[in-house]
Amino acid sequence: MKKFSNKEAIFIIVNLCSNISILIADQIIVDSCYSSSILNSIFISILALVITTIICILYKKFVGINLLDIAEFIGGKFLKFIIGIFFLIYVMFSMAVLLCKLTNCLQIVYYSMTDIIYILLSFILATGFICRLSNNAFSKSNLIVTSVSLIAIFLVFIANTNNYIYNNIFPILGNGINSTIIDGATNLFTFGGIVYLYFLPPKLNNPKDSFKVSISGILIFSIFLVISVTTITLMFNPKLVKGQLFPIYTSIKYIDFGTFFERLDSVFLLIRVMNLGSFLGVSMSLCMEILKNILSVTDDKPLIYPLLLLLLSICISLEKISKFDILENNLFKIIFFSIVISLGIFILILGNIKKIFVKNKVYR
Amino acid sequence: MDLKLIFKYVPTGEYNFSIPVSKINSSEQNKNSQSKKNIYTSIEQNSKYMKSEYNQIINSDIVFRDFYITAKNVEYKSLLIYIDGMVDTDLINNYVLKPLMLKNTNNTFDSNIQEYNNKLSVKKIKNVNLSDYIYTNLIPQNAVTKEEYFEDAISGINSGNCVLFVDSLNISFDIDVKGFKQRGVEQPQNENIIKGPQEAFVENIRTNTSLLRRIVNNQNLIIENLSVGRINKTKCAVCYMQNITNSDLVAEAKFRLNNLDVDTIISSGQLEQLIQDDTQTGIPQLLSTERPDKCVNGLMQGRIVILLNGNPYALIAPAVITDFLSSPEDSNLNPVFANFLRFIRILALIITLLLPGIYIAVSSFHQEILPTELLFSIFASKESVPFPIIFELLIMEIAFELIREGGLRSPSAIGSTLGIIGALILGEAAVSANIVIPFLIIVVAITGLASFAIPDFSFGFHLRMYRFIFILLGFTSGFLGIGLGIYFYISLICSLKSFGVNYTSTLFSEYSPIGLKYFVPPFWKQEHRSTFLSPKKEDSQNKISMKWR
Amino acid sequence: MKKVFYKILIVSIVSIIFIYGFSGSYSISNTDNISYVTALGIDLSDDKSSLQVTFEFMDTSSFFTSGDSSNTPPIINTIAATSISSAINLLNVYVEKNINLSHCKVFVFSQELAKKGISSELTELMNNPQVRPTSNLIISKCSAREYVQNSTSSLEKILTKYYDIFPKGSRSTGYTANITIGNFYNNLLTKSSGNLAILGNLNELYPSESNSSQNSSSSESSDSSGSMMSSSSGKNSSSSSSEEKNTDEDNKKAKKKQAEKGTISVKNLIAGDSNIVGDRGTENIGLAVFNNGKYVGELNAMDTLCHLLIQEDVISFLLTIDNPEIYEHYIDVTLKENISPHISIDISNENPIININIDLTGRIALIKNSTTVPEENNIDLDKISNAVNFSLKNEILEYLNKTKNTFNCDVDNFYRDAKRKFKTIDEYQKYDWINKYKNCDFNVNVNSLIHLGIIDS
């Protein structure tokens, strides 16, 4: 199995989180917390760091193996299969939701006469090609694409300073502590990259670096989450945020340097397209790896075809459900908390307990 | 009386020739025999064999010179074989035939001759080996090798040596008497720099290796000779620094070169296609250069240089993406200027690859990016043009490619005419005829100029090819296609390997921000060799290299 | 070879499928099939139930030869419809290309329509992905069609550049503001504040086309749905010698009118009170005030300046004050803000108290005195400074009381500073700032430091 360098691993985590944040989560955070969005984003970043630390501590006893191997250690191949399917569901769901979101946006803005299936097919074909490339191409290209995307967000933040209304962060607690901290904790689903932490250790050149890599990735993303949420909070009325495609894209329409640099939103969409392509590549490779692990096949390349078909069918069915926009927020959160946080940590805890039990047995 | 015959010659029958289609078979004819034949002891047999091999009856330039060598007071029948035109006849006459043929005291062997042996003087034994005697005493030529097999002897003759067969000996003497005409060391034709050496490789491999030796000036430079191609057995030299280059890399290079089952390899381009890792994408993975200084820079970094006889282009392996955007001038200039030029080349890469595609995407889908006045100007000029944008763009791009190709192939006499026609076609005439809009001419011209700024020819060529893909993507789906295309292209670049080294190694360093290693620090700061080559010697400079400070 | 053939075949088929799939979008978004609107005017129709939407297109043919469109008037079409989107839809039928709003620089609403309320029209515009949020919003006191028709650019050769530049130039005068449709809509959603838009009107002294619509080539057509469309060319039509004579006569009339008007004090200057004769079809002075999306009044030049001072949106401005030492003489001072105005709100009492501190520096531009020969004056800068402070303070107070009493809305967005005092949105909403604002008190403090002009210093 090809290994990643530390930098590649960090940017994979950042990519997985940043796509969820920009396309879905920023809007939900600002819509639910209003003026306390920045506080909420800082809070969920701290929460994510804590959870990452917990995961890394629980992984200490299992150096160089991933969550599925731990599940196999606990409950044999059957449990491994079940856990693998659950994580596959989460990753496929997140891919489908984000893909639908961006393709919807593209269709509304630029491709109104094009059937959405063609836009979906473009992404899916590109994902298929990229996953077939050797030498961990997706992780290296992800480095470049994610860096460009983060620089773009930073530039958007800087370029919009003229349009900021700094008093938008008041009242400081927004809708109240309940909304900011307790209900606001559900916004942790932004950190979807945590799912990769469970599969990271065997992929690193030095598995002991997984703590460093995880914390770095989450920390870097937290900074950009705060930046993007700040941009939206300071620019827009919360009621305006609710109805938008995705607010960062709208904020770029306000950038205006003289009469030359204006309407750069299509350039941002270009960067978004690349970033989503990278996200799909990373997620699809993760799906391939999960499937390879649970089916115990030697070559994972042929697995790309059924996975792509599955993704396409999920996307088409999501498009048909018109109320999905409302459902996706809650469903995404439920799936994230139940699978990524609860199930993942639960398996790790069980694994640790079993390891202690086995160790004591051997010792006796 | 046929009236036609008065005015012109009409042949009696219709002349019809065509090469019959032969079926691909795996018969013995196609298989070359792998086993080597030993040289016979009988001169007649050797002579017969060589005459049949060289088709002496019909081949006009193969010379078979029979004569007698006197050694040990015995005359031995001998045969000298060489190719007329490839040898220096003076060398043969004065240093081969004369000493061998003319009776002199060296030819008589007297058992009383003593051999010097450090402390003792020992009487030489009576029975001296004839081949050794001829080798050590009778051929006053600097490069003589003994060959046991016909194949090696023939190879020597083909490369311009002469081969001596002596009756009763089952070996032949391969004597270096090369004297064929060749081009002298000149300025590089295609890799010009302003500040730096102005020498370039030539066709002869020995001259090329001598150029490398002169610059390297170190005994650790190893130049291993191989031959590639079953029929023409082209000489190939693998050059590396023994104390710097990773041994596995050397072994891999030699493994690839020794395992090429082809009949002929004439150019380094063919060799490059045979030994590079990926042949599908069209992206070059080996550097091809005619400059010895560039090769030596590569050797000192821990790379391998492959020279091919008959070709003035050397191959440097492994090569990463930043090598294709670097020029030998960068090391000769102040780092600020060099980095500025490197930045310009990145812009040139982006422009060559993406500008036409982005233009067509913006015109077709994303016009809001353009400033209003520019947009209306394009609108206005577009009104009288009947063709769609894609058609205009393709016409101009293809016209540009035609002019470029024509400029390469045309004789120098009409080169200037070509420039005038090109300017006329691409300039005023096309606009005046309402075939294209003026803005498009600017786009195509800038793209063309940018493609010339890419230092490596192959790399620039692949960018020119890929830009058509981006044009198609931009035309089809605007920035969606361009975005996915860029992502796919980046992934393709990242998936490549060159002799075990990732193509994008220098972009992703563990300890520095992405891409920063592309820019060169000042020479006194270049203390470490690139880690992606895993050299034996990691430091190239002391921490404080300017001790005089 | 077979493999290569199959590969090429598959790639070709996939390309054809995608070209076919995206061809629809390509056909409508291609430059050949689009015409760009540079200004949009929306009026209330005569029957008050529908809209009259005016579209201004640039005639691009002149751009080709020299980039100069000064001799080619823009093309103006007006269509009656129930909404802006249906107007665009209907116009697509008449006009040979698809209408695109992505280069529309200004949206002009008539005052009549603004009084009725423009929230729904703005929402419709903001929902359109083509509309730039950085386009300017203008409320015209005349009809929007007249405004659009008479917009001229004499110093700018290209009309679109004029639309870009004129709002930004306000930062050096303070008599109008660069208000964009995006910011307007953002404020509209906040119930706590009022809203402002650029106020525009025709230049009365300019021989406008509103009175001479029979001069321009116009055609009216009606279709079965009862929508009416009229088109005309813009102001700068090429003139014959007889028309030149008319223009000369018009100029004389204009000058006469100007003389009758006399000099208008800056204090009361507002769009339409023109005293400029020349090639100026429209003017933009002052701001229109909105409360909950409905037009409730207007700010004159001085009010606008006060508003911009509080918002820190003016780079420098000229202020004319009475000379404190010589009666009926005046001093011109160029002022600029040193630092952001400090605004603090005290909500401890029943009625909130809004404290505003403004710091300015300035230079004397002109001291008007009775003699023709400049004398050596002992200029008391402190007195001038005090006079500036006093004058500005009074103007700002007058303006703020106007917003409170006349408009009943927080035009300066003091609610943003008020929000700092509360911890949660509920607390803030319970406080009910909108109603509290009507009873608030203002404390304005202006500190200015005046220097002598360049020559005298």
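Tutor: Of the 457 residues in chain C, 42% count as buried. Please keep in mind that this is a predicted model.

Student: What makes C:Asn413 count as buried or exposed?

Tutor: C:Asn413 has 20 other C-beta atoms within 10 Å. The cut-off for buried is 20 or more, so C:Asn413 is buried. C:Asn413 sits in the loop between α11 (381-407) and α12 (415-418) of chain C. Its phi is near 60 degrees, a positive value in a residue other than glycine.

Student: And how is B:Lys233 classed, buried, exposed or in between?

Tutor: B:Lys233 has 19 other C-beta atoms within 10 Å. Buried needs 20 or more and exposed needs 12 or fewer, so a count of 19 falls in between and B:Lys233 is partly exposed. B:Lys233 also has a positive phi, near 40 degrees, although the residue is not glycine. Its place is the loop between β8 (221-228) and β9 (234-241) of chain B.

Student: Which element gives the most on the side of chain B that touches chain C?

Tutor: There, 19 residues of chain B are in contact with 20 residues of chain C. The elements that each supply at least two residues of the chain B side are α11 (335-364), α12 (372-382) and α16 (457-495). Of the elements, α12(B) gives the most, with ten residues. The chain B side divides into seven nonpolar, eight polar and four charged residues.

Student: Why are β1 and β5 of chain B called edge strands?

Tutor: They belong to an open sheet of five strands with the order β1-β2-β6-β7-β5 and antiparallel pairing. β1 (62-71) and β5 (144-147) each pair on one side only, and they are the edge strands. The twist in this sheet averages 25 degrees from one strand to the next.

Student: How do you know that β2 and β6 of chain B pair?

Tutor: Strands β2 (residues 74-83) and β6 (residues 162-166) of chain B share four bridges in the antiparallel sense. At least two bridges are needed, so the two strands count as a pair. B:Leu80 stands opposite B:Leu164 in β6(B).

Student: One last point: which peptide bonds are cis?

Tutor: Two examples are the bond joining A:Phe170 and A:Pro171, with omega about -5 degrees, and the bond from B:Ala317 to B:Pro318, with omega near -10 degrees. A:Pro171 lies in the loop between α5 (137-159) and α6 (177-182) of chain A. B:Pro318 is in the loop between β12 (314-317) and α10 (321-324) of chain B.

Technical notes:
Residues numbered from 1 in each chain as written. Chains lettered and ligands numbered in written order. Predicted model: local features only at pLDDT ≥ 70, side-chain atom pairs only at ≥ 80, totals over all residues. Contact = placed C-beta atoms within 7 Å. Nonpolar A, V, L, I, M, F, W, Y, C, P; charged D, E, K, R; others polar. Axes fitted to C-alpha atoms, helices over the stretch in contact; angles between N-to-C directions.
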